[in-house]
Amino acid sequence: MLSKHRKKEPAAATEGQSAAPEQPTPAAADPLEEARQTLAAAQAEAAKNWDLYLRERAELENFRKRTQRDKEEFRIFTRKELLFEVLPVLDNLERALEHAGQAGEGEGLVAGVTMTVAQFRKVIEDFGARPMVTVGVPFDPALHQAMAHQETAEQPPGTVISEYQKGYLLHDRLLRPALVVVAKAPAGEPAASET
C-alpha cells in the first residue's frame, strides 16, 4: 500500500521561469502605498500632539484656578495676625463696659466706650471675623475650651453656661476658641451626657 503522506517533489524550473517568486525591491514600492503610510504616521503624530496639547491646557487651567484660590485664601487669612492683636483690646473694652454698667456711674465714659466697642466690632466684622454664640449651646471641643465645670440643674450637662472670653470665627474657620464654663449634673444625679 502506498503512503498517504507522500512528499511532493518540487517541480523543476522550466526555462525562463525562476524557482521563487520575485520580491519587490524597495525602489519598486508603490508610491501610493508609501504616501498612505506617511499620511497615517503624520495623522497618528498629530493626534498624539493634540492629546498632549489638551492635557497641558487642562493642567494650565487647573494651575490657574489653584493659584487664584490660594491667593484668595492668603488674602483672607493674612488678616489673622491683625485680628489676634485687636481682639484682646476689644475684650478689655467690653469688660470695662460691663463693670461700668454695674457701677451705675460715669455715663459719659460708658457712652464713649460703647461707641469704641461698636467701632471695633465693625472693623473685626469687615475683616471677616465674627463672634460665636456659645452660651446655651452644647460644648464642642473644636470650638470651645472648657475652663471649668459647674454643677447646675438649670442646664443639661455638657451645655455651655457662661464664657470667660468670646470665641471668633474667621470666614467659618476657627480664629480663637471660646473660653467657657460647662454645666455638669448636680452631685447625686446621673451625668449621662456630660462631656
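**Exercise 1.** In which strand is Leu175 found? Decide too whether Leu175 is buried or exposed.

*Solution.* Before we start, two notes: this is a predicted model, in which local features need pLDDT of at least 70, side-chain atom pairs count only at pLDDT 80 or more, and totals for chains, interfaces and linings use all residues. Residues are numbered from 1 along each chain as its sequence is written, and side-chain values use heavy atoms, with hydrogens and water left out.

Step 1: find the strand. Leu175 sits in E5, residues 173-176; strands (E, at least two residues) and helices (H or I, at least four) are DSSP runs numbered from the N terminus.

Step 2: check accessibility. Leu175 has 5% relative accessibility and so counts as buried (buried is under 20% relative accessible area, exposed over 50%, partly exposed in between, with a 1.4 Å probe and protein chains only).

Step 3: look along the chain. Ala129 is 46 residues away from Leu175, yet their C-alpha atoms are separated by 7.8 Å.

**Exercise 2.** Work out the strand order of the open sheet and find its edges.

*Solution.* Step 1: list the strands. The order is E2-E6-E3, with mixed pairing; two strands pair if DSSP finds at least two bridges between them.

Step 1: find the edges. E2 (144-151) and E3 each have a single partner strand, so one side of each has no neighbour in the sheet.

Step 2: inspect one pairing. E3 and E6 (residues 178-184) run antiparallel and are joined by four bridges. Glu163 has Val180 as its bridge partner in E6.

**Exercise 3.** Classify the ring pair formed by Trp50 and Tyr53.

*Solution.* Step 1: recall the rule. Rings of Phe, Tyr and Trp (its six-membered ring) pair if their centres lie within 6.5 Å; planes under 30 degrees apart are stacked, over 60 edge-to-face, and the rest tilted.

Step 1: apply the rule. The count comes to one aromatic pair. Trp50 and Tyr53 have 5.2 Å centre to centre and 35° between the planes, which makes the pair tilted.

Step 2: compare accessibility. Trp50 is exposed at 53%, while Tyr53 is partly exposed at 42%.
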